[in-house]
Amino acid sequence: TLLISCQKANEADISLILDGNDLNVEFEGLAIQNAQAGIQLLIGEDEKLTEWFPSGMPDISQTNRNTPIGEALDNIMTWQHEDGYEFSWTVCHLPDESGYTLRASITNQRAEPIRIRNFILARTPQMGLICEGDPAGWWLLSPMNNTRQGANLAKVLPSRLRLKEQKVYGYDKYSDDNPRNADGHWRFFEEVVSLYRASDRKGIVIGPVGPGVSNVNINCRVDAGNILLEIVSSMDEILLDPSETRASEEVIILQKPYKEALTTLFSWMAETHGARKKRDPVFGWCSWYDRYTHIDQEHILRIAETVKTQRDIMPFQVIQIDHGWHGPFGDWGENEKFSLGMGHIAEKIREAGAMPGIWLSPVV
């Protein structure tokens with residue numbers, strides 16, 4: 001058992017306890033209990049799906065490293081599977097922050113390749129994420145994506161299949177085969193999720209910090225305030241050759257005031273993704289979020305004229321024309337709704353004091 005405690009001035013303690021393949025963390029106002037890591041693989045000629053959550057005592061090592069937000073201590077637990085692969089789970093302690101990170105890796109020790117479907121960086125039981133007080137006072141929300149699943153912990157929301165029946169955009173792909181899709185207790189988030197209490201703004205942010213090797217899904221089954229938490233680094237069934245090692249995305253779980261927590265997360269992400277951090281954020285308008293694909297030149301020109309005459313209240317730096325301006329996929333010329341030509345429209349956007357932007361999908 002590894003016991004790690006972290007105390008910061010003017011902030012609550014957090015404690016991390018690693019016991020075999022169980023992680024227990026106590027934050028102020030909430031706790032994560034019995035979180036375990038696992039791997040989903042496709043093995044053999046028939047590529048049979050195998051899910052493994054290792055048990056028993058691992059080999060444990062510790063390594064110091066530098067991160068974009070300071071010194072850190074990696075606690076690395078490694079297990080060997082009898083079928084010929086090695087799985088490692090790393091819980092990284094951040095001494096200067098009220099939080100930690102998770103990542104995993106796998107080494108193929110077999111004579112033939114295997115495929116990786118998912119790294120499961122953490123999965124708890126149904127009561128694995130517990131919040132103090134009234135469930136209606138805690139809000140589980142996505143800071144990044146439009147979603148129908150942001151709500152307080154007292155709610156039971158429409159399931160994915162119910163949203164599919166209602167023809168909600170983006171839900172047409174979900175099948176009846178997965179029982180999670182029919183359960184309104186499940187909430188699914190892409191990349192980043194926040195869980196905060198309305199009364200005192202205490203809570204946590206969970207999200208990827210790099211190096212940008214996979215998408216991250218954060219799945220929560222919410223039942224009267226008790227949460228099953230699952231953090232997945234999706235590997236898209238990538239091929240892992242013999243003797244090859246591949247790592248997951250790294251995910252941070254951080255307790256800080258909301259804005260500070262997101263700033264820490266995105267600053268780390270920007271560093272690992274090679275962003276030009278000296279550049280200021282860009283502010284602007286995008287047609288996708290106004291009229292989806294139902295746009296035409298008259299609407300875009302009205303937007304540009306409004307920005308030109310009211311820059312004091314709408315100082316847009318970019319006006320972007322998104323999906324809906326072009327011909328069939330592969331024919332990237334303007335369609336009949338943009339008969340004036342994109343050059344003319346781009347010039348009108350420049351006259352409004354904004355940079356013209358355009359959406360393309362050349363691989364479709």
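Student: Hi! Which residues make the nonpolar surface patch of about 330 Å²?

Tutor: Hi! F329, V363 and V364 make that nonpolar patch, which covers about 330 Å² of surface. Keep in mind that this is a predicted model.

Student: Noted. Where is F329 found?

Tutor: F329 is in the loop between β22 (318-321) and α5 (342-351).

Student: And is F329 counted as exposed or only partly exposed?

Tutor: F329 counts as partly exposed, because its relative accessibility is 43%.

Student: Let's zoom out. How many helices and strands does the protein chain have?

Tutor: The chain has 5 helices and 23 strands. Its C-alpha trace spans about 70 × 55 × 45 Å along the principal axes.

Student: What share of the residues counts as buried?

Tutor: The chain has 364 residues, and 48% of them count as buried.

Student: Now strands. Do β4 and β5 run parallel or antiparallel?

Tutor: Antiparallel: β4 (residues 30-43) and β5 (residues 48-52) are joined by 5 bridges.

Student: What's between β4 and β5?

Tutor: There are 4 residues between β4 and β5, and the two strands form a hairpin. G44 sits in the turn and has a positive phi of about 85 degrees.

Student: Which residues have a positive phi although they are not glycine?

Tutor: S243 is one of them, with a positive phi of about 70 degrees. Y292 is another example, at about 55 degrees. As background, most residues other than glycine have a negative phi.

Student: Where do S243 and Y292 lie?

Tutor: Both are in loops. S243 lies between β18 (226-240) and β19 (245-247), while Y292 lies between α3 (288-291) and α4 (297-309).

Student: How do S243 and Y292 count, exposed or partly exposed?

Tutor: S243 counts as exposed because its relative accessibility is 65%. Y292 has 35% relative accessibility, so Y292 counts as partly exposed.

Student: While we're on backbone geometry, is the peptide bond from G210 to P211 cis or trans?

Tutor: That bond is cis, with omega near 15 degrees. P211 is in the loop between β16 (203-210) and β17 (215-223).

Student: Changing topic: how many disulfides does a search of the whole structure find?

Tutor: The search finds 0 disulfides.

Student: Are C131 and C220 buried or exposed?

Tutor: Both are buried: C131 has a relative accessible area of 11%, and C220 has 1%.

Student: Side-chain contacts next. What does the side chain of N108 have 3.4 Å away?

Tutor: A polar atom of the N108 side chain lies 3.4 Å from the backbone oxygen of D241. N108 is in strand β9 (residues 99-108) and counts as buried at 1% relative accessibility.

Student: What about S142, which backbone atom does its side chain reach?

Tutor: The S142 side chain reaches the backbone nitrogen of M144 at 3.3 Å. S142 lies in the loop between β12 (138-141) and β13 (151-152), and at 18% relative accessibility S142 counts as buried.

Student: Some distances to finish. How far apart are the C-alpha atoms of N118 and V232?

Tutor: They are separated by 6.5 Å, with the two residues 114 apart along the chain. N118 is in strand β10 (residues 114-123) and counts as buried at 15% relative accessibility.

Student: And what separates the C-alpha atoms of M269 and D312?

Tutor: Those two C-alpha atoms are 32 Å apart, and the residues are 43 apart along the chain. M269 is in helix α2 (residues 258-272), and M269 is buried, with a relative accessible area of 18%.

Key
Residues numbered from 1 in each chain as written. Predicted model: local features only at pLDDT ≥ 70, side-chain atom pairs only at ≥ 80, totals over all residues. Heavy atoms only, no water. Patch = residues over 30% accessible without salt bridge, like charges linked within 9 Å, V, L, I, M, F, W, Y side chains within 5 Å. Areas by Shrake-Rupley, 256 points an atom, 1.4 Å probe, with all protein chains shown as cover. Salt bridge = Lys/Arg side-chain N within 4 Å of Asp/Glu carboxyl O. Buried < 20%, exposed > 50% of the residue type's maximum accessible area, 1.4 Å probe, protein only. Pairing = 2+ DSSP bridges. Disulfide = S-S within 2.5 Å. Polar contact = N/O pair within 3.5 Å; in protein donor to acceptor, adjacent residues only side chain to side chain.
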